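Hello,

Here is the structure you asked to look through. Please open it alongside this message; my notes follow below.

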Amino acid sequence: MSKYDSLWVEKYRPKTLKDLILNDENRTFFSSLNDEIPHIMLWGNAGTGKTTLAKLIVNDILKCQYLYINASDENGVDTIRNKVISFSQVKSFDGKKKIIILDESDGLTNEGQRILRNVMEEYAENARFILTANYFNRIIEPIRSRCILFNLKPDLEESYLRCIHILQQENVTLDDNQREDLKKFVEKRHPDLRRIINDLQKFSLDKNFEASNKNNILSISTKIVKALLNKESSLSVRKIVIENESAFDSNYQLLYKEIFDLIYNSKFEEKRKKNLLLELGEYMYRDTFVLDHEINFFCCLMAIENSLN
Ligand SMILES: Nc1ncnc2c1ncn2[C@@H]1O[C@H](COP(=O)(O)OP(=O)(O)O)[C@@H](O)[C@H]1O
Ligand SMILES: [Mg+2]
């Protein structure tokens with residue numbers, strides 16, 4: 001038993017394709033994969049099953065020789081290149097295609113991706129690639145166009161049912177109110193199943209599910225919106241954010257979403273509301289590209305402050 005066994009995300013990581021929440025079309029495609037496999041790119045939000053599916057393809061479906069590389073861990077393209085080359089130079093012992101899983105490939109620089117593209121080309125005879133990425137627009141076009149792209153997004157209702165199933169397995173019982181709370185909570189975190197299951201475990205201490213009063217993120221975002229409306233300076237609002245980063249695990253996308261919902265449901269006059277939401281949407285978008293998410297959020301606060309004045 002490893003130390004990870006007590007983590008529900010690991011305990012309930014799908015062991016076969018059947019366990020994975022997947023739409024019908026994708027399920028049909030992946031379950032019928034064989035040695036004719038094309039290069040594949042799995043992309044989408046964190047916690048939607050990209051790594052799990054990549055590993056199921058090699059272990060459960062193709063049962064083939066494979067090399068796993070996490071592109072954001074490995075230091076330097078050279079290491080990757082050498083590993084990939086020495087792995088794919090030699091034909092597999094069973095004559096089947098070998099697979100190279102390049103997890104989190106959007107962590108590679110453009111230069112790294114260009115080298116990768118050549119390697120993909122050169123060793124296609126013996127090997128196929130399964131790439132994963134959170135943001136497919138960070139992958140250069142020549143690589144994208146060599147892959148079949150799949151966007152993974154587990155169905156909302158099925159995600160909720162998965163939570164119910166896990167809670168049942170863990171002997172956590174739910175009354176009607178708790179079911180409602182669970183539903184809202186899954187909607188909020190969707191489609192990040194890793195986060196959902198992690199929080200589910202946190203909220204289920206003592207075999208009792210309690211989500212509502214532990215949703216600190218909501219109280220932080222409410223605090224931020226209130227402070228802005230009270231015309232507090234963005235400088236002091238920034239302080240609230242930094243001091244409370246742990247309440248939202250530095251997940252700025254989540255914070256944007258909460259604030260978006262608060263403004264969306266507010267009583268602002270329509271034009272003003274739309275302007276604020278547009279502003280917020282712009283920074284939410286930038287958040288997926290910037291290096292420093294906190295600074296980007298601070299800029300967002302200043303922009304909102306400006307449009308409120
Ligand atoms: N589609 C899915 N069906 C069932 N469980 C999932 C799915 N996606 C994610 N999970 C859960 O979340 C955890 C993390 O999934 P992972 O494959 O690492 O996500 P990603 O690589 O997309 O970030 C898994 O261990 C599993 O418990
Ligand atoms: Mg992953």
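On one side of α8, the residues D176, N177 and E187 are exposed. The buried residues of this helix are L182, F185, V186 and R189. Those four cover an arc of only 100° around the axis, which puts them on the same side of α8. The cover over the buried residues of α8 includes α7 (156–169) and α9 (193–202). Please keep in mind that this is a predicted model.

Helix α8 runs over residues 176–189, and at 1.5 Å a residue its 14 residues should span 20 Å; the end C-alpha atoms are 20 Å apart, which agrees.

The loop between α8 and α9 holds P191. H190 and P191 are joined by a cis peptide bond, with omega at about 5°. As background, most peptide bonds are trans, and most residues other than glycine have a negative phi.

**Two residues with positive phi**

K63 is not a glycine, yet its phi is positive, near 45°. K63 sits in the loop between α3 (50–61) and β2 (66–70). Is K63 buried or exposed? K63 counts as exposed, because it has 11 C-beta neighbours inside 10 Å and the cut-off for exposed is 12 or fewer.

E104 is not a glycine either, and its phi is positive at about 55°. Its place is the loop between β3 (98–103) and α5. With 19 other C-beta atoms within 10 Å, E104 is partly exposed.

**G112 in α5**

Helix α5 covers residues 110–122 and contains G112. G112 has 19 C-beta neighbours inside 10 Å, so it counts as partly exposed. In sequence G112 and D78 are 34 residues apart, while in space their C-alpha atoms are 8.6 Å apart.

**A pair of packed helices**

Two packed helices are described by the angle between their axes and the distance between the axes. Helix α12 (residues 252–264) packs with helix α13 (residues 270–287) at an angle of about 170°, and the axes are 10 Å apart. That angle makes α12 roughly antiparallel to α13. Which residues make the contact? From α12 they are Y252, Q253, Y256, I259, F260, I263 and Y264. From α13 they are K273, L276, L277, L280, Y283, M284 and D287. Sorted by class, the contact of α12 with α13 has 11 nonpolar residues, one polar and two charged.

Regards

Conventions
Residues are numbered from 1 along each chain as its sequence is written. Chains are lettered from A and ligands numbered from 1 in the order in which they are written. This is a predicted model: local features need pLDDT of at least 70, side-chain atom pairs count only at pLDDT 80 or more; totals for chains, interfaces and linings use all residues. Axes are lines fitted to C-alpha atoms, for helices over the stretch in contact, and angles run from 0 to 180 degrees between N-to-C directions. Angles under 35 degrees count as roughly parallel, over 145 as roughly antiparallel, 65 to 115 as roughly perpendicular and the rest as oblique. Two residues are in contact if their C-beta atoms, placed from the backbone, lie within 7 Å. Ala, Val, Leu, Ile, Met, Phe, Trp, Tyr, Cys and Pro count as nonpolar, Asp, Glu, Lys and Arg as charged, and the others, Gly among them, as polar. The expected span of a helix is 1.5 Å times one less than its number of residues. A residue is buried if 20 or more other C-beta atoms lie within 10 Å of its own, exposed if 12 or fewer, and partly exposed in between; C-beta atoms are placed from the backbone. The arc is that of the directions from the helix axis to the C-beta atoms.
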